[in-house]
Amino acid sequence: MILTPKELTELRNTIEEANQAALSHMYNADPVLIDVAPASEVMPQLGEGMLLHAGPPVQWPAMCSPMQGAVVGALRYQGWAGTGEEAAALASSGSVSLQPAHDFSAVGPMTGIFSPSMPVFVVENRTLGNRSYCTINEGLGKVMRFGANDDSVIERLRWIEKTLAPALREAVLRAGGVDLRPIMAQALAMGDEMHQRNVAATSLFFRAIAPHLVRGSSQQSSLSEVTDFLVGNDQFFLNLAMAAAKSAMDAAASVNGSTLITAMSRNGTNFGIRIGALGNRWFTAPSLMPEGLYFPGFTSDNANPDMGDSAILETLGLGAFAMAGSPAVVGFVGAGTYRDALNYTQEMGEITLGHHPHLSIPNLDYQGVPSGIDLRKVVETGISPAINTGIAHKEAGAGQVGAGIARAPLECFHQGLEALVNEMESR
Amino acid sequence: MTVKNHVLKNMYRDSVALMRLSQEMEGLENVAQATAIMGTDNNKDLLAQAGLLADSGKSATPNDLIVAFDLTSPGQEEAVITSVQQRLMSGRQRTGGGAGYRPRSMEGALQTLPQANLAMISVPGEHAAREARKALDLGLNVLLFSDNVPLEDEVGLKQQAISLGLFMMGPDCGTAIINGVPLGFANAVPSGRVGLVSASGSGLQQVICLLAESGEGISHALGVGGRDLSGEVNGAMMLEGLRALGEDSATEIIVLISKPPAQSARARVLEAASQCGKPYVISFLGEQGEHGKRASRGNVHMENNLEGTALRVLKLLGKETPGWASLDDKNRKRIESIIAGSDPGHRSIRGLYSGGTLCYESLFILRDLGHLAGSGLEQEPVGGDLLIDMGDDRYTVGRPHPMIDFRSRCEALVQAAADPEVGVVLLDVILGYGAHPDPAAELSPAILEAQKIARNDGRRLACVVALCGSPDDPQDMDQQEKTLTHAGALVVHSNALAARIASAISRGGAVPLPGGDTRG
Amino acid sequence: MAEKRDLLGGPPATINVGLEVFADTLQELGFPVVQVDWRPPAGGDHRLTDLLSRLERSSDPNAEGTN
């Protein structure tokens, strides 16, 4: 959908022009998993004594309990603190630099913590050349993603670092990289929306990587552990999808002057958005509570506000935006009937600039997922982007308590609009 | 007094739907007073004045729907709220796109109906111009029903439309029929060879209904809004409409209906008409003197009333004078009997109109016949006859238009009956799509009551009804006429004839012919 | 700029924005119509609609001095 120069000049004004260019970058992004390596190795800006977190900027005192728990776990994992108490003291002393992952071309689900030794997926957008990073999904249960930080969590992270990641690295390099967009397109046709449901995508990824895994140098026992791990985690592909979406959105963000929403993210306290024309500025407001279904024994009283960088998926047009193609997720997020899921996709079509030419929904006659959220349309219609989200327990480490649909606070978009108008009028 | 407010957040319904809902709520048990209204500041003031505003209503935003009610006995809120919610949700699945989705924007609607070529816009006036502009930008023709649109916006919209080769019908355009498809308040008429462009909705309806009754159909009926022939707008859309009908192969005769135009607009229209090969009937309602019939020239025929316009069209098409143009014997006898039974001093005319143009036409016909007739809008009361356009803004605040809701007119009718000066009540009843499904059922009790009031006071009250409808309209015109006649009304199909009958009864003389002569 | 759509060539296909009764009529008669679920723009917030208008004007290269 790249416009010819003639088509570009016929566009009515500079915003339209910028939006079309940004959309072009989004649609044409070709994300490829090219490497798996420790963050310190492939993310050069990651400095000494620095941890990354999900969402817009937030400092230790304001962090929600799960995120504080995850920071504690990361400090212990890195060996910068011994016990949990030492880690908490270190964090609150201010000597640990806590930065948004987004500022480092990275995204992380839920608490989204990155530390130097953690292995990350390296995803390159072959079209434009930009790279994005995401941690490896730990699986379900007691995981750092939800703020758990005991020895079992640390051990698992070490296993990921020392066994899983090297095996994956070798396989990926041997494969010459793994194309992610074809997997995502196929997974959409198989009922995944890539936020709450990734089982098809995970299976397809496993199929792509398995021949290279078994031909690698891993010992039998390691290989068994690795394959057991991959096979046992339905959400494994989530992190790859996030990195792929991030690489597309970063490409879109390289265009000046668009009203495209280039990022949506939450730090468990606040929800933040970024707007093309306003670069890296965050516009934040308190996160809203998701509405959905709770696992047995849990209620909304146990829920943490919306959290994680996974809203990058909806920013691209997946997740809740693609819900019409994912009947199985409907019940999971409490969306009601299939008709309601269809309505979500159509509703999101009211606030997006187009439909993705490569990511489409078969039962909508292969119409592309609604893609490219326009700041102006959000404000005008009052329709806020919907996000299919997991609901974390508000206590660190207690894990996931449910899944549902959260809305981005409109306040973020109102602030952004005001800032954009001031900026454009002052030119 | 238990006043409760229930606020439904982020729920919008249009004004007509809300008034219907309010009416239904007031019919519920235990409800003394009720209204459903959007939470704008204006509306909250109205609620407060009516004593219906509670705390939760005060904090509602314009995007929220406030259900406010006053119960006769406490503890019934749940039942009322449940009932309201059911009504709000029912019927939301119809007219949707795929699987019942209702798009939130015109762009969204275009995704559902890509072949759309017309946007019909009836949102509140302050938002109307913006929506119309968006529609034109999307390449859609526009029928703009909304009124209270600033004149400069109308000028801009019509300029934009013309530059894009699109139609902008309105603002304040309530009626159009295109290729047989009824838009807004329109009648079911056959397709045929007469094309019309009108700056008046009810005027347009009257002419096409009279033609339909005579078996003549239309090609298209376009509306241009009431201000199109003003100096500022200068006939912009009228000319586009005339040009389109000139080029339309199905159209053999072109009819133009408007109140008297501004000078420059008139010149443009007459110029365009004389250039066209087809016969034109131009109806500048209420015009006299040099602009009257003597101004007919070549293919352009001038008329100054709706009945005359229809008659002229029929004549040009070689049709005989139709039955609706004159009094039948039964009606003539009734008129004579009414006159015989009335006291000459008590026969002023009270007009209660739903169609603004029909009211306007009756006023000038009566004045032409020498009546002192006022519209109620004058600075000084004129004295004598009073003809009120009850569709005017001042009568429709918080109430639906009299074409769809008869309560105001029924009340006014009964009040008029109590006035010993009034001897004739003159009403229009407009049928068709969008109008009330059974006007006769609504009016008949009031007509009966009015006559009873007069009789008890030793007077006779005549009720003359101009029934404007087509034989194919959903309301069953025959049945409507029978019901009204049975209640004592004198029913004719031409508004001008109804006005002349009112004049005759008022003066105790013969019914004048069109043009002012009388014949018994 | 969108392609212009001819009006008189055939029966109109209508997008109805506002009073539902008009869409009801068309649907009962079997003519193509879609009802827009219209709300006041930006929830009726004039500050926001004003910002949107200003944004449009400030980005339009043809809008020198227009208001």
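## A tour of chains A, B and C

Select chain B: it has 17 helices and 19 strands. Helices here are DSSP runs of H or I with at least four residues, strands are runs of E with at least two, and both are numbered from the N terminus. The model is predicted: local features need pLDDT of at least 70, side-chain atom pairs count only at pLDDT 80 or more, and totals for chains, interfaces and linings use all residues. Residues are numbered from 1 along each chain as its sequence is written, while chains are lettered from A and ligands numbered from 1 in the order in which they are written.

**Stop 1: chain B as a whole**

Stay on chain B and show the C-alpha trace. Along its principal axes the trace spans about 65 × 65 × 40 Å. The radius of gyration of chain B is 24 Å, which agrees with a compact globule of 520 residues, because such a globule would have a value near 24 Å. That radius is taken over C-alpha atoms, and the globule rule is 2.2 Å times the number of residues to the power 0.38.

Of the 520 residues of chain B, 51% count as buried. A residue is buried if 20 or more other C-beta atoms lie within 10 Å of its own, exposed if 12 or fewer, and partly exposed in between; the C-beta atoms are placed from the backbone. Now think about contacts: two residues are in contact if their C-beta atoms, placed from the backbone, lie within 7 Å. In chain B, residues 24 or more positions apart account for 69% of the contacts with a separation of 6 or more.

Colour chain B by domain. The assignment gives domain 1 (2-89), domain 2 (106-322) and domain 3 (326-507). Domain bounds come from an automatic or database domain assignment. The C-alpha centres of domain 1 and domain 2 of chain B are separated by 39 Å.

**Stop 2: strand β12 of chain B**

Select residues 280-284 of chain B. This is strand β12, and 5 of its 5 residues are buried. Both faces are covered. Y280(B), I282(B) and F284(B) lie on one side, with V281(B) and S283(B) on the other.

β11(B) runs parallel to β12(B), joined by 5 bridges. Two strands count as paired if DSSP finds at least two bridges between them. Look for S258(B) opposite F284(B).

Together, β11(B), α10(B) and β12(B) make a right-handed β-α-β unit. Right-handed means that, with the strands pointing away from the viewer, the path from the first strand over the helix to the second runs clockwise.

β13(B) pairs with β12(B) in the parallel sense over 4 bridges. Here I282(B) faces M302(B).

**Stop 3**

Select chain C. It has 2 helices and 2 strands. From the N terminus on, they run β-α-β-α. Of its 67 residues, 42% count as buried.

Ala, Val, Leu, Ile, Met, Phe, Trp, Tyr, Cys and Pro count as nonpolar, Asp, Glu, Lys and Arg as charged, and the others, Gly among them, as polar.

Zoom in on residues 118-121 of chain B, strand β4. β4(B) and β1(C) pair in the parallel sense over 4 bridges. M120(B) stands opposite N16(C), and I121(B) has V17(C) as its bridge partner.

**Stop 3: chain A**

Select chain A. It is divided into domain 1 (5-27 + 255-425) and domain 2 (31-239). Their C-alpha centres lie 23 Å apart. Across the boundary, 47 residues of domain 1 are in contact with 43 residues of domain 2. On the domain 1 side, the residues are 20 nonpolar, 23 polar and 4 charged.

Finish where chain A meets chain B. There, 9 residues of chain A are in contact with 9 residues of chain B. Helix α13 (residues 338-348) of chain A gives the largest share of the chain A side, 4 residues. That side has 2 nonpolar, 5 polar and 2 charged residues.
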